[in-house]
Amino acid sequence: MKHPENDPKYAGLAVNQGVSQPPTINPYLKPHKKRKKDYSPSEYVEQIRKGNITLLSRAVTLVESQLREHQIAAQEIIEKCLPYSGNSVRIGITGVPGAGKSTSIDAFGTYLVKEKNKKLAVLAIDPSSERSKGSILGDKTRMEELSREPGAFIRPSPTAGSLGGVARKTRETIILCEAAGYDAVFVETVGVGQSETAVHSMTDFFLLIQLSGTGDELQGIKRGIMEMADGIIVNKADGDNVEKAKLAAAQFRNALHLFPMPASGWQPKVLTYSGYYKTGIAEIWDMIDEYTAFTKGNGYFERKRNSQAKYWMYETINEQLKTRFYNSPIIENQLKAKELKVLNSEISSFAAANELLESYFADFKNIK
Ligand code: GDP
């Protein structure tokens with residue numbers, strides 16, 4: 001439209017034609033790519049088998065997810081990975097906080113990857129997960145040298161949940177890692193609670209890291225945990241501490257002799273080393289190699305894996321039953337009221353439990 005001020009009577013001035021409001025977004029910017037492509041379980045497995053770490057990590061995330069659809073996908077992936085699993089040496093590692101687990105795993109791991117040409121996965125079971133709050137960075141900085149190795153896959157503990165749940169997820173992750181070609185798997189746990197039993201029930205070799213210099217008491221490590229150990233390694237055998245470490249090793253050896261012979265027929269060994277100065281590391285791996293050869297020879301290796309598989313079937317049933325029970329709406333509705341009745345002595349604990357179970361299973365029948 002002609003602007004009125006462009007009339008010849010306003011000589012000397014010209015108003016230009018305006019332009020329309022430019023878009024606020026740069027039109028030349030490429031459209032954002034969708035961040036994640038969706039893969040089918042078969043595609044996941046194919047990529048995992050090729051050693052694709054990104055997809056391995058994403059599969060582990062599915063395993064750890066609480067979402068039902070993720071769980072279904074995860075189970076399908078695990079099932080498809082099963083035929084390719086089982087070919088690693090699974091090593092459980094425990095020790096009280098400060099014993100030097102991180103330093104030692106960094107040292108062992110780097111040795112395995114660099115000197116022995118192994119592919120190593122480092123997993124953890126830590127139901128409290130306070131240390132790293134499940135952050136990968138937390139675990140990567142704990143194992144600085146190892147985390148730079150392309151042959152190492154480090155995954156922190158699934159975040160807090162019931163011990164059974166956390167442990168099951170770690171066990172399933174082992175299967176995925178094995179399908180991805182990792183030939184050694186470390187499962188670390190803090191040596192204070194019950195998680196040792198869980199780690200023991202998914203590993204072939206159980207390694208207990210101990211310290212010297214605190215006399216002959218067992219440093220807060222329960223007797224039961226010592227009994228589970230296939231190898232006890234006394235850390236920080238360096239500098240002035242070498243003699244003390246040797247003495248501690250002798251004491252542990254004596255203590256072990258008081259235990260009955262383990263079912264494996266393997267007499268647990270006690271070694272000294274320094275995770276920090278990386279001495280005595282090769283000997284630890286030799287011990288594990290020796291154990292594997294020995295137990296494969298006498299059939300124990302296979303037997304233990306079979307009984308672990310059975311154990312995890314029952315563990316999963318127990319865990320799932322509990323979760324489903326407590327999460328079902330019918331139970332959620334009644335639970336508090338029943339609890340109150342028990343507290344007010346209106347009904348016995350036993351009767352309340354029975355009524356709840358009855359209504360859960362009755363409801364279940366109705367759905368079917
Ligand atoms: P974690 O809590 O079991 O993971 O133990 P860390 O690996 O974090 O180690 C605890 C402390 O012990 C750290 O300050 C380490 O530097 C130190 N440490 C670990 N291994 C050794 C070792 O072999 N010799 C010495 N002198 N110190 C060590």
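Student: What does the accessible surface of the protein come to, and how much of it belongs to carbon and sulfur atoms?

Tutor: About 20,800 Å², with 55% belonging to carbon and sulfur atoms; the areas come from the Shrake-Rupley method with a 1.4 Å probe. Keep in mind that this is a predicted model, where local features need pLDDT of at least 70, side-chain atom pairs count only at pLDDT 80 or more, and totals for chains, interfaces and linings use all residues. Residues are numbered from 1 along each chain as its sequence is written, and side-chain values use heavy atoms, leaving out hydrogens and water.

Student: Why are H3 and H7 called oblique to each other?

Tutor: Helix H3 (residues 68-81) and helix H7 (residues 163-179) pack at an angle of about 45°. Under 35 degrees counts as roughly parallel, over 145 as roughly antiparallel, 65 to 115 as roughly perpendicular and the rest as oblique, so H3 and H7 are oblique.

Student: Which residues of H3 and H7 make the contact?

Tutor: With contact meaning heavy atoms within 4.5 Å, they are Gln71, Gln75, Ile77, Ile78 and Cys81 of H3 and Arg168, Glu172, Ile175, Leu176 and Ala179 of H7.

Student: What makes H12 roughly perpendicular to H13?

Tutor: Helix H12 (residues 300-327) and helix H13 (residues 329-343) pack at about 70°, with their axes 5 Å apart. That angle makes H12 roughly perpendicular to H13. In H12, Phe325, Tyr326 and Asn327 meet Pro329, Ile331, Glu332 and Leu335 in H13.

Methods: Axes are lines fitted to C-alpha atoms, for helices over the stretch in contact, and angles run from 0 to 180 degrees between N-to-C directions. Helices (H or I, at least four residues) and strands (E, at least two) are DSSP runs, numbered from the N terminus.
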